[in-house]
Amino acid sequence: MAVYRRGYSRYEGALTSQRSRLLVLPRFAWERLMQQRLIVILFVVSMFWPLACAAFVYLSNHMDLLGGFGGGGVQDFMKIDAHFFFTFMNAQATFAIILSAFAGPSLIAPDLANGALQLYFSRPLSRSEYICSRMLVLIGVLSPVTWVPGLLLFFMQSGMAPAAWFTENWKLGAGIFLGFLLWIVLVSLVALASSAYVKWRVVAGALVLGIFFVLAGAAELTNAVLRVEWAAAANPARAMDQIWRWMFGLAPIDGPGVLECSIAIGVMAMLLLFVLERKIRPVEVVS
Amino acid sequence: MKLGRREILQGISGRLGVSGAGKAIGLLGPNGAGKSTLILTLLGFHKPASGSARILGFDCHSQSREVKARVGYMPENEAFIADMSAVRFLRIMGELSGLPPRVALEKAHEVLFHVGLGEARYRPLGTYSLGMKQMAKLAQAIIHGPELVILDEPTNGLDPAARGRMLKLIREMKQEHGISVVVCSHLLRDVEEVCDEVVILKDGRVVHHANLEEERRANRRFVELEVSGDDRNFAAALREHGAEGVTEGGGRWRIVLPPEVELDVIWSLVGRENLEVYRLTHRRDSLEEIFLKAVGHIERTAGEAAAKVEEVTADGRL
């Protein structure tokens with residue numbers, strides 16, 4: 001029967017599982033994000049560097065294709081090691097920030113601006129599930145530009161290089177996955193907290209970029225003025241850089257060590273979660 | 001229930017809807033009485049400082065997921081996502097309530113036609129008029145087929161035609177679909193039209209709980225009297241006969257007659273007090289009188305009550 005003739009009837013059939021409902025909000029959000037031209041363009045642009053890296057990996061394993069250019073210096077340059085993946089991760093981490101600055105603010109700000117949270121929370125959806133759902137959106141958007149191409153490169157190299165390479169470098173694969181996962185969680189928290197804090201999408205997007213770039217500048221300034229080094233830990237990119245170096249077994253850079261940087265990232269994450277906890281509420285109570 | 005240091009709800013106890021499903025309960029009270037806070041507490045949005053509440057047999061706090069699965073809620077203020085079409089919005093709400101994706105899509109169309117938004121279902125919600133937004137909010141509250149629907153000021157801002165449509169939908173919900181309804185409103189007429197029971201709140205306390213049908217059956221009459229002359233002793237004279245009266249000033253009186261007292265008593269008292277009658281109208285006890293008595297306006301002294309009565313305007317709005 002045509003729907004306009006059917007009239008209303010109460011649904012009394014089986015309900016979906018609680019776990020599967022966690023994916024409802026991400027599914028609709030991904031669909032909306034992929035309808036935005038800017039997000040698609042950014043997404044495509046962020047694939048260029050992994051493609052270039054894939055070509056690099058291929059060439060480094062087929063040096064004969066370089067003909068006369070395959071000298072000793074070039075061979076050293078073309079070496080696929082921790083430095084190569086570390087450089088790859090730094091570039092993709094920047095793309096992750098930019099993508100989250102554009103994709104993140106549209107996740108919570110419209111819900112807050114339009115009072116939609118009380119509709120969500122009047123259903124069997126808790127605040128933590130809502131935040132997890134929103135975070136899943138960003139994890140879904142950022143994964144294809146971070147750890148997925150990273151692991152693809154790693155396995156591509158493993159497949160092309162002699163078997164010993166994998167056994168010697170398997171920690172790199174784990175580092176790529178865990179390092180990026182940590183970065184995605186941090187970037188997502190920044191994007192979600194910004195989106196929850198300011199309610200306006202454009203300002204929230206600017207705030208995401210501001211947190212990363214202004215904090216970096218502020219940390220450098222503090223170090224220079226107070227003639228200290230510890231302030232570098234307040235720069236999330238710098239702190240994560242140190243942690244990745246430790247994961248990849250690279251020499252640490254001067255300044256706060258991996259423990260201090262981990263604590264700084266942890267404190268930052270706690271602060272962002274606190275902002276979300278305060279802001280994501282079905283009704284605003286003015287005391 | 002406390003918000004900050006302020007106690008909003010206190011000592012509320014009672015059972016509602018005991019007469020079965022498909023009933024409508026009106027939640028009445030002046031502004032700030034705690035109606036919305038009570039609803040939000042029942043929905044688990046606020047944590048009560050003490051006590052417990054159960055909806056459909058489930059504890060509102062510890063089993064809030066079970067409660068929310070069976071309840072539909074239409075909030076008072078605007079609540080939607082502006083750049084989303086009504087169908088899409090309802091699909092999300094349906095799926096979050098546990099409907100399978102395909103069923104949610106079907107139900108979204110079905111419910112939107114039901115509330116009269118069928119032709120506008122693909123338009124962004126931000127472009128809807130206030131009346132359409134109210135209907136969209138009602139649609140999201142019933143898409144998953146709840147057993148209980150809580151409507152917070154459902155007729156707010158609606159023109160008479162839209163208000164009539166909304167009240168008709170509420171009546172249909174309870175009569176044809178067996179959905180219990182809680183209507184939170186300060187529009188007495190709306191509550192009177194659709195509700196079977198009323199709970200009146202004042203200063204965070206339940207001051208009256210009435211079965212409207214029984215109240216309507218009770219043959220208590222409400223008299224409006226306009227007289228000239230010295231009516232200072234008239235209130236006392238009324239009390240002698242078990243009637244309650246309050247003056248609004250200028251010789252205007254509102255009197256509640258108990259069932260055993262006939263209207264003739266008024267005439268004899270008017271004669272005894274040498275008053276001249278300009279107007280006398282009488283009708284059965286209405287929700288307005290129940291409300292006025294419940295919130296204490298009729299029991300107060302004549303001067304206080306007169307000032308308070310002005311809060312109720314001709315259309316029943318507080």
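**Close-up views of chains A and B**

**View 1. The contact between the chains takes 31 residues from chain A and 37 residues from chain B.** Residues are in contact if their C-beta atoms, placed from the backbone, lie within 7 Å. On the side of chain A that touches chain B, at least two residues each come from helix H1 (3-6), helix H3 (24-33), helix H8 (105-113) and helix H9 (117-121) of chain A. Helices (H or I, at least four residues) and strands (E, at least two) are DSSP runs, numbered from the N terminus. H9(A) gives the largest share of this side, 4 residues. By class, this side of chain A holds 17 nonpolar, 8 polar and 6 charged residues (nonpolar: Ala, Val, Leu, Ile, Met, Phe, Trp, Tyr, Cys, Pro; charged: Asp, Glu, Lys, Arg; polar: the others, Gly among them). This is a predicted model, in which local features need pLDDT of at least 70, side-chain atom pairs count only at pLDDT 80 or more, and totals for chains, interfaces and linings use all residues. Residues are numbered from 1 along each chain as its sequence is written, while chains are lettered from A and ligands numbered from 1 in the order in which they are written.

**View 2. Chain A contains 15 helices and 0 strands.** The C-alpha trace of chain A spans about 75 × 60 × 30 Å along its principal axes. Of its 287 residues, 39% count as buried (20 or more other C-beta atoms within 10 Å; exposed, 12 or fewer; partly exposed, in between). Contacts in chain A between residues at least 6 apart in sequence join residues at least 24 apart in 74% of cases. The mean pLDDT of chain A, the predictor's confidence per residue from 0 to 100, is 91, and 97% of its residues reach 70 or more.

**View 3. Ala216(A) lies in helix H13 (residues 201-226) of chain A.** Ala216(A) counts as partly exposed because it has 16 C-beta neighbours inside 10 Å. Not counting residues up to four places away in sequence, Ala216(A) touches Asn235(A), Ala237(A) and Arg238(A). Ala237(A) is 21 residues from Ala216(A) in sequence, with 7.6 Å between their C-alpha atoms.

**View 4. The largest nonpolar core has 151 residues.** Such a core joins buried Ala, Val, Leu, Ile, Met, Phe, Trp, Tyr and Cys through C-beta atoms within 7 Å. Ala96(A), Leu192(A), Ala139(B) and Val183(B) have the most contacts inside this largest core. Helix H12 (residues 163-198) of chain A supplies the largest share of this core, 13 residues. The core also draws at least three residues from each of domain 1 (2-215) and domain 2 (219-309) of chain B. Leaving aside neighbours within four places in sequence, Ala139(B) is in contact with Leu90(B), Val111(B), Leu112(B), Val115(B) and Leu117(B). A second, separate core of 11 residues includes Val227(B), Leu238(B), Ile255(B) and Ile266(B).

**View 5. In chain B, 13 residues of domain 1 are in contact with 8 residues of domain 2.** The bounds come from an automatic or database domain assignment. On the domain 1 side, helix H7 (188-194), strand S9 (197-202), strand S10 (205-211) and helix H8 (212-217) of chain B each supply at least two residues. That side has 9 nonpolar, 1 polar and 3 charged residues. Chain B has 12 helices and 14 strands, and 44% of its 318 residues count as buried.

Note on methods:
Two residues are in contact if their C-beta atoms, placed from the backbone, lie within 7 Å.
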